[in-house]
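Please keep the sequence and the 3D view open while going through it.

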Amino acid sequence: MLTFSFLTLFPELLAPFASEAILGKAAARGLTHVNLVNMRDFADNRHAKVDDTPYGGGAGMVIRVDVAERALASLPPADEVILFTPAGERFTQRTAEELSQKTHLAFLCGRYEGFDARVETLVTRELSVGDFVMMGGEAAAACVLEAVARLRPGVLGDAASHRDDSFSSGLLDYPEYTRPPEWRGHAVPDVLRSGDHGAVARWRREQA
């Protein structure tokens, strides 16, 4: 089993994503487990306040490092503790393949102006899903969860179905077609209906 622990201020954003479709089936079969940790539970004050104003001034609020530390300490040891940040390495299919070999991944999902920079001392890795700005790390977490979980044995119906995926072999996936054979003047390529498996394989390689 691969466990994903997400430390977040909004676990309700990830809960439905993790419990539906293939991810939900994988969890039900004991192949993956998603642990949603609300950092407000570790605020250590009666108002569950996790953030404070930044030293030096400026707009926005910053999530406290001691809150993140207590939340992480509540977890079993993780193979990787990952922080979503614009400064992180770009998340790629190769990264997903590497992470899929682990047994426990913990992710820090920021909000507001992000975490106190000292949080970097608590993590083993920093990831970015792209050069754009979002309101928090939960959407990035959902991307990584799906990309990594689908690579675990047994999660997909066909064990070989991800091998020809875009980026898995350095190429994009080839185009797929199904019925009807012709639609509004656009026909399925003849080679795919030829029954010649060698020709089909060559065509798919060329298209990829």
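1. Is aspartate 44 buried or exposed? Aspartate 44 is exposed, with a relative accessible area of 67%, where buried means under 20% relative accessible area, exposed means over 50%, and partly exposed is in between, with a 1.4 Å probe and with protein chains only taken into account. This aspartate sits in the loop between strand E2 (32-38) and strand E3 (51-52), and its C-alpha atom is 9.5 Å from that of aspartate 66, a residue 22 places away in sequence.

2. The model is a predicted one, in which local features need pLDDT of at least 70 and side-chain atom pairs count only at pLDDT 80 or more, while totals for chains, interfaces and linings use all residues. Residues are numbered from 1 along each chain as its sequence is written, and side-chain values use heavy atoms, with hydrogens and water left out.

3. On the overall build, the protein has six helices and nine strands; these are DSSP runs numbered from the N terminus, with helices (H or I) of at least four residues and strands (E) of at least two. The radius of gyration is 21 Å, well over the 17 Å that the globule rule gives for 208 residues, so the protein is more spread out than a compact globule. Here the radius is taken over C-alpha atoms, and the globule rule is 2.2 Å times the number of residues to the power 0.38. Along the principal axes, the C-alpha atoms fill a box of roughly 70 × 40 × 30 Å.

4. Among contacts (heavy atoms within 4.5 Å) between residues at least 6 apart in sequence, 76% join residues at least 24 apart.

5. The largest nonpolar core has 24 residues, and those with the most contacts inside it are Phe4, Phe6, Phe84, Phe91, Phe107 and Val148. Such a core is a set of buried Ala, Val, Leu, Ile, Met, Phe, Trp, Tyr and Cys residues joined through side-chain atoms within 4.5 Å. Strand E1 (2-8), helix H1 (11-19), strand E5 (80-90), helix H4 (93-99), E6 and H5 each supply at least two of its residues, and the largest share, eight residues, comes from H5. A second, separate core of 20 residues includes Ala71, Leu75, Val81 and Val119.

6. Phenylalanine 84, found in strand E5, is buried at 12% relative accessible area, and, leaving aside neighbours within four places in sequence, its contacts include Phe107, Leu127, Ala140 and Val144. Phenylalanine 107, with residues up to four places away again not counted, touches Phe4, Ser5, Phe6, Leu7, Ile82, Phe84 and Val144.

7. The loop between E6 and E7 deserves a careful look. Valine 119 lies in this loop and is buried, with a relative accessible area of 1%; beyond its neighbours up to four places away in sequence, it touches Val65, Ala68, Leu83 and Leu108. The C-alpha atoms of valine 119 and glutamate 69 are separated by 7.8 Å, although the two residues are 50 apart along the chain. Arginine 111 lies in the loop between E6 and E7 as well, and at 16% relative accessibility it counts as buried. Its contacts, apart from neighbours within four places in sequence, include Leu9, Phe10, Ile63 and Glu138.

8. Most residues other than glycine have a negative phi, and most peptide bonds are trans. Tyrosine 112, in the loop between strand E6 (104-108) and strand E7 (125-128), has a positive phi of about 55° although it is not a glycine, and it is partly exposed at 41% relative accessible area. Arginine 184, in the loop between E8 and strand E9 (186-187), likewise has a positive phi, of about 50°, and counts as exposed at 70% relative accessibility. The peptide bond from arginine 179 to proline 180 is cis, with omega near 5°, and proline 180 is in the loop between helix H5 (138-149) and strand E8 (182-183).
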